[in-house]
Amino acid sequence: MRRDRAFPFPLDPFQERALDALDRGASVLVSAPTGAGKTVVAEYAVDLARREGTRAFYTTPLKALSNQKFGQLRQRYGPEQVGLLTGDTTFQPDAPVVVMTTEVLRNMLFAGSPQLADLGLVVLDEVHFLQDPYRGSVWEEVIILSPPPVRLVCLSATVANAEELGAWLRSVRGALEVVVEERRPVALRHHLAVAERGRGRIELLPVLKDGGLHPEAARFDHRVARFARQPGGLRRSRLAPPRRTELVEALAEREMLPAIVFIFSRAACEDAVAQCLSEGIRLTGPGERAEIRRRCEAATEGLPDDELAALGYGEWLAGLEEGLAAHHAGMIPAFREAVESCFADGLLGVVFATETLSLGINMPARTVVVERLTKVRESGRSALTSGEYAQLTGRAGRRGLDPVGHAVVPWGPQVLATDVARLATTPPPDLRSSFRPTYNLAANLVRRFSPAQARHVLDRSFAQWVDRRQHRALSERLQRTWALLEAWGYLDRAAWRLTPRGEMLARIYHESDLLVAEALACGCFGGLDAPALAAVASALVFAPRVARRRLRPAPPPEAARARLGELGQLAERLREDEALHRLPPTRLPDPGFAQAAAAWARGRPLERILERAELAPGDFVRTIRQLVDLLRQVALVAPEAEVADQAALAARALDRGVVASGVLGVTRLEEVEEPLGDPAPPFGTVPQAGPAGP
């Protein structure tokens, strides 16, 4: 293929190496910094697949990233050539190029979908997600189970052990080229922002020089240490952490905007916008304000006025028109996507964002501010890792626009320039596997493979390849998983077959897969109308972010209370048996969203539901969408026709208003086609084996 026609710009050497490998018919793993141009490799591979007459699947870890990539590929190839599959949206699934979440492809592989028949390429964007403790197994399952002719293009942020990951991929997939690029396309400068009382000016101290601590930064650390040793010394030093508005003004004066300010709190992101507005910061002109308003109106077109009022549309728009915005998971997708669109095209000056913005979404900036070098985790507050710092600051520096990018850390009594230098210069950590045999995986191994083949699939995981000592641990866990499934009536190991319950479990893709299957088998969803069924099923998807402020959550609807009690008891019995089998416990169902789910299914207004549920709009939308996905699965696998009908009815009732809104301009289907089908095509290089049991 003529590359000068495919790309109207000169390619970097690492891109040329990757494209050469694709021309030879090999798969590739590309590890490069954010913004280096990894997408060029994926686009070239898609071009090759189209020329060869095969289909291309472009997978991402996030629905938001899938939506963004869908829009980009439609612009490149035309609206009729690109489809979208994200679990809750099915659009043109038979197109030659289909964008999807990685989970959707994994489900298709397990189910033996006919859509795999002419598949020639799979792009695994953000493949380093395979270390995610909750979802990482999905990437390994896709890599292991994809049919042999399929070429893989694996795109990753910089990882220390790319060669090791590539060696494993080669052992599983055959010919594969590892392409590592460590150089950033735009140089990055690291600064410590320091205020001094009474001066009214922010100083930006350089942190690094020639790969080590800058002498000016070293002198500052020494000065801080000297004052800290004296009682009240830091106060008398007049040093102070810069205020957000002061820092924004300082960046504007130095022509260092647009900027992303990472704040590890949703509420603080909103407060920062309000604070800047109240102190008169304005970063846009008349033309920019008009275009911002146009995009925001287009993004929210179709939402009724009462829902816009409940979402705070007026206040949100006021901030954007002045060039200021928040970006976090508590916002509805339409709001977030409008912010992304405006920022990407240079219409906004500052976005205050949580770290979710750093995960794949294309929003480069001239400057990135990291407000704190610590974050709250499940285990408590701890320091950022070098990998997390690199992920956040990777947004700084727009290729072709900025000669350099800037990373700024505001000074505080607990922050030293030495800390910033260490984060900026420490190599990223090695990528590690999080592969684990879930109940659904265990059922599908029995459903699709012989005993020896099932063991071989387990042996091919990245965890096994890196550390063969884990073989016994993983194998024993799978054996315990099969033992529990047999005890609960899902598996006959002597005959090596699934029972009808097991066949149902194999088609349920959910965090609490076995609990969902058992609830269906035991009748927990029977005899309920659609709103009550939505209320009961919501307990399987709802996970509150923090402890509820109210003493007691809103009581669930009367029609659902008995079944929610049964579901809770069922979960407790399952957890007791999981403890006996030394398996991780299934998450307990939480009825805290049941009232909201039933009310939304009944058509109640958004404002009242949000008020009673004490939920952020984005959390409400995300939970309802997860519930819709679960209900659609229930509609497909439920043994009783009545349950299947009510589940489908509930899914349709929930998928309305703000939940169904989007900015993609695609047709949302009433029913999502199930990407399942038998008979299954052969799964690649898994060897044939005899009937010996595991």
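**Reading cores, strands and cysteines in a predicted model**

Colleague: Which residues touch the most other members in the largest nonpolar core?

Modeller: Look for Leu192, Phe352, Trp482, Leu520, Phe525, Phe620 and Leu631; these touch the most other members of the largest nonpolar core, which has 201 residues. Bear in mind that this is a predicted model.

Colleague: Which helix gives this core its largest share?

Modeller: Helix H28, residues 617-637, contributes that share, with nine residues.

Colleague: Which residues does leucine 192 touch, leaving out those up to four places away in sequence?

Modeller: Begin with a residue and list its contacts. For leucine 192 there is one group made up of Glu203, Leu204, Leu205, Val207 and Phe220, and another made up of Val409, Pro410, Trp411, Val415, Ala417 and Val420.

Colleague: How many residues are in the other core, which lies apart?

Modeller: That other core has 35 residues, including Ala18, Ala45, Leu84 and Val153.

Colleague: Now the strands. How many residues of strand E9 are buried?

Modeller: Strand E9 spans residues 187-196, and seven of its ten residues are buried, so the strand is mostly covered.

Colleague: Which strands pair with E9, and in which sense, parallel or antiparallel?

Modeller: Take each partner in turn. With strand E20, residues 404-410, the pairing is parallel and has seven bridges; here leucine 188 is opposite glycine 405. Strand E10, residues 202-206, is antiparallel to E9 and joined to it by five bridges, with valine 194 facing glutamate 203. Strand E13, residues 239-240, is also antiparallel to E9, over two bridges, and there glutamate 196 stands opposite leucine 239.

Colleague: In what order do the eight strands of the open sheet lie?

Modeller: Read the sheet across, strand by strand: the order is E4-E3-E5-E2-E6-E7-E1-E8, with mixed pairing. An edge strand pairs on one side only, and here those are E4 (90-91) and E8 (176-180).

Colleague: How many bridges join E1 to E8?

Modeller: Five bridges join them, and E1 (residues 27-31) and E8 run parallel.

Colleague: Which strands does helix H3 lie across?

Modeller: Helix H3, residues 38-52, lies across E1, E2 (55-60), E5 (97-101), E6 (119-124) and E7 (151-156). Its angle to E7 is about 165°.

Colleague: Is cysteine 296 buried or exposed?

Modeller: Cysteine 296 counts as buried because its relative accessibility is 0%. Cysteine 342 counts as buried too, because its relative accessibility is 0%.

Colleague: Last, confidence. What is the average pLDDT of the protein?

Modeller: The average is 87, and 91% of the residues score at least 70. Over residues 547-551 pLDDT stays under 50, and the model has eight contacts beyond four places in sequence for them. Residues 663-694 also stay under 50, and for these the model has 85 such contacts.

Note on methods. Residues numbered from 1 in each chain as written. Predicted model: local features only at pLDDT ≥ 70, side-chain atom pairs only at ≥ 80, totals over all residues. Heavy atoms only, no water. Pairing = 2+ DSSP bridges. Helix = DSSP H or I, 4+ residues; strand = E, 2+ residues; numbered from the N terminus. Contact = heavy atoms within 4.5 Å. Axes fitted to C-alpha atoms, helices over the stretch in contact; angles between N-to-C directions. Core = buried A, V, L, I, M, F, W, Y, C linked by side-chain atoms within 4.5 Å. Buried < 20%, exposed > 50% of the residue type's maximum accessible area, 1.4 Å probe, protein only. pLDDT = per-residue confidence, 0-100.
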